[in-house]
Amino acid sequence: MEVAGSNKLQEETENTGSVENTASTSADITKSLAPEPEFYDKAQRYWSEVPATVNGMLGGLGYISAIDIQGSNTFLREIRVPGNKLALDCGAGIGRVTKNLLLPRFSRVDIVEQDHAFAEKAREYCSTPGAGGSGELDEIFNVGLQKFAPKKEYDLIWSQWVLGHLTDRDLVLFFRRLRQGLAPGAYFCMKENVSSSRKTVEDKQDSSVTRPLDHYERFLKEAGFRIVRKVKQQSFPKGLFPVYMIACKPVSKE
């Protein structure tokens with residue numbers, strides 16, 4: 001599940017609204033959101049109608065994929081991930097990040113993707129030529145992140161353009177579960193749109209939210225992570241939300 005595009009071009013459109021949420025904790029789910037089952041069901045229905053293509057994953061902005069991958073590659077080089085055996089891609093969609101970022105770096109990559117059509121496409125897409133490296137796509141977990149718990153230890157867990165589909169409470173719980181899925185010295189990295197104000201922005205069309213950067217920082221800390229590096233993605237088209245990459249490690253696994 002990814003989105004960077006047409007419904008994310010600006011912070012206020014007919015489909016979006018600002019939500020005052022400047023002091024949220026894991027107990028504070030944005031009050032204007034639909035009840036949890038409806039919030040998740042609506043998002044699942046939205047994505048079921050999205051084409052299983054790179055352009056579909058990026059909301060009509062498929063042309064930014066190369067710039068995105070380049071920025072992510074630079075970020076991973078800077079943090080120096082210690083292992084290269086096994087990585088996990090959370091909310092992988094059709095495997096765009098898996099194929100172009102993770103498979104060239106890791107021997108095996110697992111993905112989490114609740115949409116069955118996207119997951120099937122990922123198996124095909126990641127087996128076709130086009131990216132360097134000899135890594136293989138391994139397990140596919142067809143489940144939403146609000147229910148996912150890793151059963152392996154990964155050298156890197158990567159999550160991109162999907163966390164806005166989790167409520168605040170489920171986001172913190174998800175972060176906590178990820179801690180148990182990291183090998184010693186491993187990183188959890190997230191890459192997300194952030195709002196440029198101190199408000200959470202709700203998108204009613206795809207049933208997601210765009211949070212301020214400091215909310216993610218606070219939720220990571222609450223879940224027991226420390227932030228190692230934080231970088232803003234460069235060279236994206238004007239009008240998009242700012243996009244930040246955050247690398248972190250569990251406080252208890254240093």
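In these legends, helices (H or I, at least four residues) and strands (E, at least two) are DSSP runs, numbered from the N terminus. By that reading, C248 lies in strand β10. The model shown here is predicted.

**View 1. The whole chain, for orientation.** Of its 254 residues, 54% are buried. The accessible surface amounts to about 10,900 Å², and carbon and sulfur atoms hold 48% of that surface. Among contacts with a separation of 6 or more, 76% link residues 24 or more positions apart.

View 2. Leaving aside residues up to four places away in sequence, C248 touches A186, Y187, F188 and L220, along with F225, R226, I227 and V228.

View 3. Which residues of α7 are buried? They are L213, H215, Y216, F219 and L220. Looking down the helix axis, these buried residues fall within an arc of 160°, so they line one face of α7. Their cover includes α6, β6 and β10, together with β7 (200-203) and β9 (225-232). After α7 comes G224, which has a positive phi near 95°.

**View 4. The largest nonpolar core and a second one beside the story.** The largest nonpolar core has 38 residues, and those touching the most other members are L163, F174, F175, F188 and F225. Two or more residues come from each of α1 (36-48), β2 (86-90), β5 (154-160), α6 (168-179), β6 (182-193), α7 (213-222) and β10 (243-250). A separate, second core of 23 residues has V109, Y125, L156 and C189 among its members. Returning to F174, its contacts are C90, L145, F148, L163 and L166, with residues up to four places away in sequence not counted.

**View 5. Strand β3 between its two partners.** Why is β3 (residues 108-112) described as largely enclosed by the rest of the structure? Because four of its five residues are buried. On one pairing, β2 and β3 run parallel and are joined by five bridges, with D89 opposite I111 of β3. The path from β2 to β3 passes through helix α4 (residues 96-102), making a right-handed β-α-β crossover. On another pairing, β3 and β4 (residues 136-141) also run parallel, here with four bridges. V112 has F141 of β4 as its bridge partner.

View 6. In α5 (residues 116-125), the buried residues are F118, A119, A122 and Y125. Seen along the axis of α5, they fall within an arc of 125°, so they line one face of the helix. An α-helix has 3.6 residues a turn, so residues three or four places apart point the same way. What do the buried residues of α5 pack against? Their neighbours are α1, α2 (54-57), α4, β3 and β4. The face turned away from this buried side carries H116 and E120, which are exposed.

Conventions: Residues numbered from 1 in each chain as written. Predicted model: local features only at pLDDT ≥ 70, side-chain atom pairs only at ≥ 80, totals over all residues. Heavy atoms only, no water. Core = buried A, V, L, I, M, F, W, Y, C linked by side-chain atoms within 4.5 Å. Buried < 20%, exposed > 50% of the residue type's maximum accessible area, 1.4 Å probe, protein only. Contact = heavy atoms within 4.5 Å. Areas by Shrake-Rupley, 256 points an atom, 1.4 Å probe, with all protein chains shown as cover. Arc of directions from axis to C-beta. Pairing = 2+ DSSP bridges. Right-handed = clockwise from strand over helix to strand, strands pointing away.
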